[in-house]
Amino acid sequence: MKLFNTMSRQVEDFVPQNGKKVSLYTCGPTVYLDPHIGNWKTFINYDLLVRTLTQAGYEVDQVLNITDVGHLVGDGDDGEDKMAKTATEQRKTAWEIAEHYTSVFYEGLKQLNITPPSNMPKATDHIQEQIDMIKVLEEKGFTYTIDDGVYFDTSKCSDYGKLARLDLEGQQAGARVQENAQKRNPQDFALWKLSPKDQKRDMEWDSPWGTGFPGWHIECSAMALKYLGATIDIHGGGIDHIPIHHTNEIAQSESANGVEFSKFWFHSAFIDVDSTKMSKSLDNFYTIEDIKAKNIDPMAFRMLVVQAHYRKGSNFTWEALEAAAQRLKHLRAFADLVWQGSGEGQVDVKAVEQSFVKHMQNDLNTPAALEVVSNLLNQFANRLPSSQEASDIRALLGTMDEYLGLKLSETTDIDEFAKQLLLERENARQEKNWEESDRLRVEIEKQGLSVNDTPKATIWSRTS
Ligand code: AMP
Ligand code: ZN
């Protein structure tokens with residue numbers, strides 16, 4: 001299997017450290033609002049990675065963290081705590097906010113058919129592990145303490161910024177006036193933030209440095225170490241994480257553990273809406289609920305994401321989503337063919353399946369994988385498959401589902417009554433009794449089927 005590695009900026013042969021076992025750490029949601037479609041794009045891309053690795057014969061241990069503390073409005077160390085901000089707005093505690101939006105996230109996983117990660121640890125359940133790692137960093141001389149907390153001194157880390165290929169000297173020279181004048185370097189980041197002296201926070205803990213809460217990045221370093229070990233096989237996130245969050249995770253983990261943090265870095269490109277960045281102020285901050293409110297199946301959104309390459313930025317429009325819904329419908333009609341294998345033909349469906357798999361294992365090339373299927377599908381526009389072709393299509397759909405999770409193969413045959421109606425209509429057509437045939441078409445439609453009369457055969461497909 002081949003996979004792009006952000007660290008090398010190249011597609012590489014993927015070889016895990018331990019035979020068939022793959023340790024995968026994926027940055028999860030900050031549970032302070034409903035996840036938006038951009039977040040879901042990244043989570044669907046993780047799922048494609050897990051499914052493809054699993055199909056390639058690997059046993060994937062995926063950790064996806066739930067960020068329920070420490071993520072500030074600015075991805076640096078400035079601004080309000082996101083959890084606290086929503087808590088104030090909704091007049092609830094940060095704990096209640098975290099609980100609510102964590103369950104919204106779990107529900108979304110189901111609606112989008114995302115394989116639940118093997119482990120979804122919460123940052124607030126791992127405060128001790130985070131404190132322990134900060135202590136190690138402190139002992140090794142990577143930290144310093146200023147008025148508002150304990151910081152990581154990036155100048156002590158010789159290869160700081162290697163993932164993002166940051167030009168530190170250029171940045172240092174051009175740096176704006178720092179938000180926090182006590183910071184030694186503009187890139188330094190908080191490991192432990194102290195609670196304001198005059199204020200009690202909903203979420204705060206005792207620590208050797210005083211009462212406060214962990215910085216955003218340390219949770220991932222601490223939980224990756226606890227659950228997956230010091231060196232993991234793959235670390236994933238959205239591309240926004242490259243310059244700050246993942247850069248800082250690497251600095252912490254490699255400084256504390258003394259070994260390479262992750263062999264591969266997997267990043268999902270951003271989705272924009274109507275060609276602009278998603279933001280609440282622009283009112284283009286769409287969620288699964290917004291999609292459902294337009295009577296569109298959330299699985300159409302999965303289709304929209306799946307048909308694009310994960311490393312290519314995409315643009316969300318409602319028209320594009322409608323088109324994806326149509327494409328999914330088309331694939332479902334293809335799935336209906338497996339129950340109608342009475343035609344004649346010898347198309348090599350198995351070769352198509354092999355080509356599909358090859359594209360998927362080549363850095364998850366979903367657009368190419370789907371194109372070979374679309375080409376095959378076109379061959380059945382006007383005819384029914386033979387029983388051999390139907391059985392091979394069934395196998396292909398099963399394989400596609402394993403990789404893409406579009407639930408194409410989960411159909412059962414139509415019931416006897418519907419079959420009887422189709423047969424009666426066929427007879428009426430042979431007798432050129434068009435009136436009866438039209439009447440039966442209406443009856444068939446009432447059974448949730450539509451019929452397409454081609455020169456060789458009548459092909460049915462499900463309408464719902
Ligand atoms: P957050 O809830 O902000 O911590 O983000 C959760 C995940 O969604 C992270 O991996 C982000 O990189 C990713 N993400 C955020 N916005 C977008 C977007 N517009 N498109 C794709 N991924 C995104
Ligand atoms: Zn992370």
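Start with the largest pocket: select Tyr32, His36, Asn39, Lys82 and Asp240, which lie nearest its centre among 42 lining residues. (A pocket, on a 1 Å grid over the protein atoms alone, is an open set of points with protein on both sides within 12 Å along at least five of seven lines; lining residues have an atom within 4 Å of a point.) You're looking at a predicted model, where local features need pLDDT of at least 70 and side-chain atom pairs count only at pLDDT 80 or more, while totals for chains, interfaces and linings use all residues. Residues are numbered from 1 along each chain as written, chains are lettered from A and ligands numbered from 1 in the order written, and side-chain values use heavy atoms, leaving out hydrogens and water.

The space in this pocket comes to about 1,000 Å³, a volume being the space filled by probe spheres set on grid points joined across faces, edges and corners. Now colour H1, helix H2 (82-90), helix H3 (94-111) and strand S11 (271-273), the elements that give two or more residues to the lining. (Helices, H or I with at least four residues, and strands, E with at least two, are DSSP runs numbered from the N terminus.) H1 gives the most, with six residues.

Next, click on the zinc ion (ligand 2). Which residues coordinate the zinc ion? Show Cys27 (SG), Cys220 (SG), His245 (NE2) and Glu249 (OE), at 2.0 to 2.3 Å.

Trace the chain from Cys27, in the loop between strand S3 (21-26) and helix H1 (37-55), to Glu249 in helix H7 (residues 242-257): the pair ties together parts 222 residues apart in sequence. Both Cys27 and Glu249 are buried, meaning under 20% relative accessible area (1.4 Å probe, protein chains only).

Last stop: Asn185, in the loop between helix H5 (168-174) and strand S7 (189-194). Asn185 counts as buried because its relative accessibility is 11%. Show Asp153 too: its side chain makes a polar contact with that of Asn185 (2.9 Å). (A polar contact is a pair of N or O atoms within 3.5 Å; within protein, one must be able to donate a hydrogen and the other to accept it, and residues adjacent in sequence count only if both atoms are side-chain atoms.)

Key. Donors are N, O and S atoms within 2.8 Å of the metal (3.2 Å for Na, K and Ca); water is not among the atoms, so sites may look incomplete. Buried means under 20% relative accessible area, exposed over 50%, partly exposed in between (1.4 Å probe, protein chains only). On a 1 Å grid over the protein atoms alone, a cavity is a set of points where a 1.4 Å probe fits but cannot get out, and a pocket is an open set with protein on both sides within 12 Å along at least five of seven lines; lining residues have an atom within 4 Å of a point.
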